[in-house]
Amino acid sequence: MIRIQHEDFDVGAELAKLTAGNTAVGGLAVFVGLVRDVAGDEAVGGMTLEHYPGMTEKMLARIEEEARARWPLEASLIIHRVGRLEPGDRIVLVAAASAHRAAAFDACAFLIDWLKTQAPFWKQEETGQGPRWVEARDSDDEAAARWLEKDSDAAE
């Protein structure tokens, strides 16, 4: 399930809905991303997230499909917020449910790693120097690249 929304979400309620009635779920791995009040050594007073409607949902669906092809998932969830957010606000919820914990952990990590590098979202931070767009990070690309390495390892 994929949702892009302005409003906040209740993590507990979302996870309860995700697994309701599915007793095949033995493990549920979750990532919740929050707005920080600092970026590097600069204070951040807020953040505005933008996306490309239609394209973003299609890319998230592809990422979710890829996770389901790689791991035996019972359920998965991606909720991403857009609009203006304050420090401490929830930005993203990613969850993966499987019969076993290893698949749930790996799928959850894959989902957030690929979301961070593949989905068309843009972040603008509010700093004392004024607003600034957040650039892609090498560390995010490196995290996503480990899943490409696993693909080539599996092919050998």
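**The aromatic cluster and its surroundings**

Author: Let's start with Trp147, which has a relative accessible area of 1% and is therefore buried. Buried here means under 20% relative accessible area, exposed means over 50%, and partly exposed lies in between, with a 1.4 Å probe and protein chains only. Please keep in mind that this is a predicted model, in which local features need pLDDT of at least 70 and side-chain atom pairs count only at pLDDT 80 or more, while totals for chains, interfaces and linings use all residues. Residues are numbered from 1 along each chain as its sequence is written, and side-chain values use heavy atoms, with hydrogens and water left out.

There are 4 aromatic pairs in the structure. One of them joins Phe110 and Trp114 in a tilted arrangement, with 4.5 Å from centre to centre and 40° between the planes. To pair, rings of Phe, Tyr and Trp (its six-membered ring) need centres within 6.5 Å; planes under 30 degrees apart are stacked, over 60 edge-to-face, and the rest tilted. Both Phe110 and Trp114 belong to helix 3 (residues 101–118), where they sit 4 residues apart, about one turn of the helix. Helices (H or I, at least four residues) and strands (E, at least two) are DSSP runs numbered from the N terminus. Trp114 is buried because its relative accessible area is 15%, and Phe110 counts as buried at 0%.

Phe110 also pairs with Trp147, this time edge-to-face, at 5.8 Å centre to centre and 85° between the planes. Since Phe110 is in helix 3 and Trp147 in helix 4 (residues 138–155), this pair ties together parts 37 residues apart in sequence. Together with Trp71, the residues Phe110, Trp114 and Trp147 make up one aromatic cluster.

Now for the wider packing. Trp71 and Leu115 have the most contacts inside the largest nonpolar core, a group of 30 residues. Such a core is a set of buried Ala, Val, Leu, Ile, Met, Phe, Trp, Tyr and Cys residues joined through side-chain atoms within 4.5 Å. At least two residues of this core come from each of strand 4, helix 2, strand 5, strand 7 (90–98), helix 3 and helix 4. Helix 3 gives the most, with 9 residues. A second, separate core has 9 residues, among them Leu18, Ile79, Leu93 and Ala97.

Setting aside residues up to four places away in sequence, Trp71 touches Ala103, Asp106, Ala107, Phe110 and Trp147; contact means heavy atoms within 4.5 Å. Of these, Ala107 is found in helix 3 and is buried, because its relative accessibility is 0%. Beyond its neighbours within four places, Ala107 contacts Trp71, Leu73 and Ala96.

Finally, helix 2: Thr56, Met59, Leu60, Ile63, Glu64 and Ala67 are buried there. Seen down the axis of helix 2, its buried residues fall within an arc of 135°, so they line one face; the arc is that of the directions from the helix axis to the C-beta atoms. Exposed residues Lys58, Arg62, Glu65 and Ala69 sit on the face turned away from that buried side. The cover over the buried residues of helix 2 includes helix 3 and strand 8 (121–127).
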